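Thanks for coming. I will talk briefly about charged side chains and how they pair up. Please have a look at the screen.

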Amino acid sequence: MTVRMNNNFINYSDFISVSLDALETAPRELFEKMMQMINSTLHQQVVELEKQALQIDEMSIIPVNDLEEYYDVTLDAVEDVKLLKKSILKIEKKDILFSELSKTITDLHEAYVHHMDRMGQLEIRVLSKEKSA
């Protein structure tokens, strides 16, 4: 799973490895800054997914051209988040910032699932309207 930061893409698991190294070898301030960056970026993704889910509630047409592709891509993202969560569980007790990151990753997982749920509800609403027309 990758994330875009300042127009560059980074791999989450690589970032976690570098953060762990920073915790053990670099000044605390560097580690804190790295963790704040990744936590903030993931939190922004959570907020964006939550906004989109609210917008989906107000829609009467499906906002994607290919629902199967939407579900495939979203399920891939959910799996990536689950793998990230699994990797952070191994180190979350090493520092409170890893624990906070773990919470944000859990929030991201829930936001993806909620987003898919809302899309499914919209799909049902649209199909119901089509059948009743």
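Which side chain meets that of D95 in a salt bridge? The partner is R28, and the distance from N to O is 2.5 Å. Keep in mind that this is a predicted model.

Where do these two sit? D95 is in the loop between α3 (67–89) and α4 (96–132), while R28 belongs to helix α2, so the pair ties together parts that are 67 residues apart in sequence. D95 is buried, because its relative accessible area is 11% and the cut-off for buried is under 20%. R28 has 34% relative accessibility and therefore counts as partly exposed.

R28 also has a salt bridge with the side chain of E32, at 2.9 Å from N to O. Both of these residues lie in helix α2 (residues 28–57), four residues apart, which is about one turn of the helix. E32 is partly exposed too, with 29% relative accessibility.

Now to helix α3. The side chains of E79 and K82 form a salt bridge there, with 3.2 Å between N and O. Why is about one helical turn between them? Because E79 and K82 are three residues apart in helix α3. E79 counts as partly exposed at 41% relative accessibility, and K82 is partly exposed at 41%.

How many salt bridges does the structure hold? There are five, and among them are the pairs D95 with R28, R28 with E32, and E79 with K82.

Terms used: Residues are numbered from 1 along each chain as its sequence is written. This is a predicted model: local features need pLDDT of at least 70, side-chain atom pairs count only at pLDDT 80 or more; totals for chains, interfaces and linings use all residues. Side-chain values use heavy atoms; hydrogens and water are left out. A salt bridge is a side-chain nitrogen of Lys or Arg within 4 Å of a carboxyl oxygen of Asp or Glu. Helices (H or I, at least four residues) and strands (E, at least two) are DSSP runs, numbered from the N terminus. Buried means under 20% relative accessible area, exposed over 50%, partly exposed in between (1.4 Å probe, protein chains only).
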